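The following briefing covers a structural model, grouped by topic for reference alongside the sequence and coordinates.

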Amino acid sequence: MAITAGAPPTRTTPGGLALGLLTGAVIGASLTAFIGGCAAARTPLIVLGLVLPTVFGLLRYLGTLPRRARERAVAPRTALAMIESLEAVGSEASDVPVRFDLTVAPDDAPAFRVEFRQTVNLVELPDYRPRGIVVVEYPPDRPWKMRIVTRPTPAWEERAARAFLDSAPGPSLKNEPSKGCVGGLLTLLGLLLGTGAVLLLFRADLFGPDAGGAARKPSVTSSSTFSSTSSSTTITTTVTSATGTVALGPGRSMLDEGELRRSVESLTQGADQRQALTVVVQDRLLTVVWSPAGVDAAGFDPRSLPFDRVAALVEEARTTLGIDSPRSWQLTADGVTGSPALRVTVTGERGTGILEADGQGRVLRRNGS
Amino acid sequence: MDWHGALVLWCAVWGVAALIWFGMSLAGVTGAQRTVRLTGRIERVRPPRHGGSRAGGISVVVSYRDPASGQDVTVTNDGEHGQMITAAWEGREIGVSHPRGRPHAYRLSNAPGPRTRGLGRAGCAAFLVYAGLVALTAIDRGWPWALIGSGGPAAVLGAVQLPRAVRDRNGRLARLSAMEAVPGRVVAVLRDVSVDQDDGHARTTITPVLSFTTRAGTVVTAHCTANLPDPAGAYGREVTVHYTAADPAEFTVDRAAGERSEKWDVILHVLAVAVFAAVAVAGAVLLRV
């Protein structure tokens, strides 16, 4: 059969290269965000590391949906082909990857050369020899997606048995993606850009003084006469001329070791002589009502509270007052003059109990519901 | 977001997905409903090559009538084209299906299948909603609800299916006892070796291929994956094949083993129902403690 050689189509496009760059950037950014977020205990970065590739993958899937639908709609073309050369790449399995170089001769188009890889069973490998005729199938718009039909229909089997084909001149289309060095370099560049972008945009989170373990230290703003508020991810401290409050973030409690003492001290920094009229402690909230300015004799020093006894008093109130399923507790320290009186109130599903103690944390009386 | 919120979101997302897929099924636009289902006939069975691969099943040439053009179409089971044909004979009816407008994407199946409503995705989404609700209840009201929610419905479903399972078992036993016996021969032993890329461990799958001729004169070629001793060395071995006259694809070389297997099927079914019921009862008891 006399055949005419056709020119192989080009495959590398600027769009494909840009997509490679973008994919690299997303991989770099998401990996950096996730690992950095884990190391610095920054939830937003961890979420970014998970959401970014998911959204990118979804958008890419939706974006390529029409193209894939178009490709699926195209019926594959069947043709005869002659094996120019073949080389078994090698494998320990029974199916061996083989690199084929074929001259494909479609009935209604110029012949062309193509190189591709296909696994062939070891037992069937001797069937494929140079100059041998095979039946192939490929999408007309993507001839490099070639495959040898191992079970042709009887009509094509008969044609293949009688056919004789000439070689078409090269170069061959290649089955493997041929983005080459440029594509690989662009993907690598994107990876570096993505990594750099995350490191730059989130440098405060990743390398700032609050990164890692330092994140748990409260940010404190105190003022003896003016209201000011500041917050970190875990603690919010507010100090005004009348009150001071410390609110802990999720997962923390005033009953944690040293937490109440630190919170009280954070409110009294720079106000050594400040006295409190009332201190109210709840699971994640501390409120101190300061004594009015100019009334030096009123109130007590909040730092004198028996911090080491508070957890035990609360536990005792929860367990000994006969409250069913205690849900919340509150410790109130009142002291207009001298030592404060402590009162632990526990609220359950059906009632409230009160435990009273002196300024040293010694239990004075118990009142169940 | 805590666990409660995450589970509510889970249920909401899958609930919406289930509604959409149910709606698509009602509108008749699911993939299964848009699939053209036809009946094909095996025109030729190509003999398997000893030592070859079982991938792709028994090589067959199938023809069917294209309803659009009215012409006969001939195809083969080359490449990714549906189910693996494991029993073949000339004249056997098999299922051919393809998406509407894309006959080249045909798929073969061992038997012509009925039209379906494409409710697989919707059912899967509904199951995920149910699983989320069980988890939500377990978190809100106590973990024994997880036992009740998982064991209860499974036990009820199993119990409802039990009479049908017994009927099917009895039917299969009746067919086993009525099977006809003919001589057969192992015409090939297929050997597939795959290598684990991580540890280099090689896994070999041996598939003997039987050929036998029914009393009606039909030459059947079939994979025989059970009850054949020493399958690797079975090439050329003569065996007695028991087959169902109505469907030679239903055959065995060891009828007694088939009967034992059928008895165990029902016992395992009953055991599974008992285990699920016990799980549900344990959950109910723990709730009352």
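In chain A, E13(A) and strand E14 (residues 351–357) pair in the antiparallel sense over seven bridges; two strands count as paired if DSSP finds at least two bridges between them. Strands (E, at least two residues) and helices (H or I, at least four) are DSSP runs numbered from the N terminus. This is a predicted model, in which local features need pLDDT of at least 70 and side-chain atom pairs count only at pLDDT 80 or more, while totals for chains, interfaces and linings use all residues. Residues are numbered from 1 along each chain as its sequence is written, and chains are lettered from A and ligands numbered from 1 in the order in which they are written.

**Strand pairing in chain A**

- E13(A) and E14(A) form a hairpin with two residues between them.
- Within this pairing, Thr345(A) has Ile354(A) of E14(A) as its bridge partner.
- E13(A), residues 341–348, is also joined by seven bridges to strand E12 (residues 328–334) of chain A, and the two run antiparallel.
- Here Thr332(A) is bridged to Arg343(A) in E13(A).

**Chain A overall**

- Chain A contains seven helices and 15 strands.
- Of its 369 residues, 27% are buried, a residue being buried if 20 or more other C-beta atoms lie within 10 Å of its own, exposed if 12 or fewer, and partly exposed in between, with C-beta atoms placed from the backbone.
- Among contacts in chain A with a separation of 6 or more, 59% involve residues 24 or more positions apart; a contact requires C-beta atoms, placed from the backbone, to lie within 7 Å.

**Interface between chains A and B**

- The contact takes 17 residues from chain A and 21 residues from chain B.
- On the side of chain B that touches chain A, the elements giving two or more residues are strand E3 (72–76) and strand E7 (180–195) of chain B.
- E7(B) provides the largest share of that side, five residues.
- By class, the side of chain B that touches chain A has six nonpolar, nine polar and six charged residues; Ala, Val, Leu, Ile, Met, Phe, Trp, Tyr, Cys and Pro count as nonpolar, Asp, Glu, Lys and Arg as charged, and the others, Gly among them, as polar.

**Sheet and loop in chain B**

- Six strands of chain B form an open sheet in the order E4-E9-E8-E7-E10-E11, with antiparallel pairing.
- Strand E4 (87–88) and E11 of chain B stand at the edges with a single partner strand each, so one side of each is left without a neighbour in the sheet.
- E4(B) is joined by two bridges to strand E9 (residues 219–223) of chain B, the two running antiparallel, and Ala88(B) has Thr221(B) in E9(B) as its bridge partner.
- In the loop between E9 and strand E10 (238–244) of chain B lies Asn227(B), which has a positive phi of about 65° although it is not a glycine.
- Asp230(B) is placed in the loop between E9 and E10 of chain B and has a positive phi of about 45°, although it is not a glycine.
- Asn227(B) is partly exposed, with 15 other C-beta atoms within 10 Å, whereas Asp230(B) counts as exposed, with 9 C-beta neighbours inside 10 Å.

**Helix H4 of chain B**

- Helix H4 (residues 255–288) of chain B has 34 residues and reaches 51 Å from its first C-alpha to its last, close to the 50 Å expected at 1.5 Å a residue; the expected span is 1.5 Å times one less than the number of residues.
- Gly258(B), Val273(B), Phe276(B), Ala280(B) and Gly283(B) are buried in H4(B), and the buried residues of H4(B) pack against helix H3 (144–177) and strand E11 (247–252) of chain B.

Key
Contact = placed C-beta atoms within 7 Å.
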